[in-house]
Amino acid sequence: MMAGESVRISPALRQAPALAGSLADQVYQRLKDELFDFRLLPGDRFTEAELALRLGVSRTPVRLGLARLEREGFVVPSPRSGWQVRPFDFERFEALYDVRVVLELAAVERLCAREHMDESGMLGALTDVWLVPPAQRILDGRLVAELDEAFHCSLVAAAGNPEMALIHREVTEKIRIVRRLDFTKEFRVDATYEEHGAILRAVLARRAEAAGRMLRGHIEMSKAEVRKITLHMLYEARG
């Protein structure tokens, strides 16, 4: 190439990294959805080639998507067999629940100490969902699980500390499979409405101590369910 001569890159090559990135994002989201929907279970093994064939993409976006899931702690490389969904680690889940308790209690304390509480914003949206008559409650366990996450994330976000909210969202994702499994039990739906409603009323009334006490009990009850999880329960959820 002569000095000063510019390199010509074809449009196809110029778009390749962006396309690979886009496909990797899609693979990452698809696999994460399969984890949370119990289509991939803790301990399941697979290869990049198998995933690429099943998802209809090349191995490059599969490899990139898996690398991202590995960084987030959802999958681990498996010698001789490619990859494995991270097996259940009860101590890790309990540690994450402990972090969640600290963050949510701090958020509630900040909320109740505020001079002006925005009841028309996030808290108003929570009121519309959780402070409804029993006849208007949503019965779909999967949807209630999503709303449960939104309730706790909104409480933390409403406290006004974006870094706290970011850490809390990351913790929430890591324990999502446990929480969704919890909501396969019908009695948990009504219990969640009752508990969320009581916590929300206490927050709106600025009763920080009562709100914190109920919130801790609510989370500790969910944490206690972690130790009851068996592989059989996971296979039932997949079925």
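**Entry 1. A charge over a ring**
I began with Arg-68 and found its charged end over the ring of Tyr-28, 3.6 Å from the ring centre. I note that the model is a predicted one.

**Entry 2. Aromatic pairs**
I next looked up the ring pairs, taking centres within 6.5 Å as the limit. By this rule I recorded five aromatic pairs. One of them joins Phe-88 and Phe-93, edge-to-face, at 5.1 Å centre to centre and with 65° between the planes. I asked why Phe-93 counts as buried. Phe-93 does so because its relative accessibility is 5%, where buried means under 20%. I also noted that Phe-88, Phe-90 and Phe-93 form one aromatic cluster.

I then turned to Trp-130 and Phe-151, an edge-to-face pair with 5.9 Å between the centres and 75° between the planes. This pair links distant parts of the chain: Trp-130 lies in helix H5 (residues 122–130) and Phe-151 in helix H6 (residues 141–158), 21 residues apart. I found both Trp-130 and Phe-151 to be buried.

**Entry 3. Packing of H4 and H7**
I looked up how helix H4 (residues 90–113) packs with helix H7 (residues 162–174), and the angle is about 145°, with the axes 10 Å apart. I recorded the crossing of H4 and H7 as left-handed. On the H4 side, the residues in contact include Phe-93, Leu-96, Val-99 and Leu-103; on the H7 side, Met-164, Ile-167, His-168, Val-171 and Lys-174 take part.

Methods. Residues are numbered from 1 along each chain as its sequence is written. This is a predicted model: local features need pLDDT of at least 70, side-chain atom pairs count only at pLDDT 80 or more; totals for chains, interfaces and linings use all residues. Side-chain values use heavy atoms; hydrogens and water are left out. Rings of Phe, Tyr and Trp (its six-membered ring) pair if their centres lie within 6.5 Å; planes under 30 degrees apart count as stacked, over 60 as edge-to-face and the rest as tilted. Buried means under 20% relative accessible area, exposed over 50%, partly exposed in between (1.4 Å probe, protein chains only). Helices (H or I, at least four residues) and strands (E, at least two) are DSSP runs, numbered from the N terminus. A charge sits over a ring if NZ of Lys or CZ of Arg is within 6 Å of the ring centre and within 35 degrees of the ring normal. Axes are lines fitted to C-alpha atoms, for helices over the stretch in contact, and angles run from 0 to 180 degrees between N-to-C directions. A crossing is left-handed if the near helix is turned anticlockwise from the far one by less than a right angle, and right-handed if clockwise. Contact means heavy atoms within 4.5 Å.
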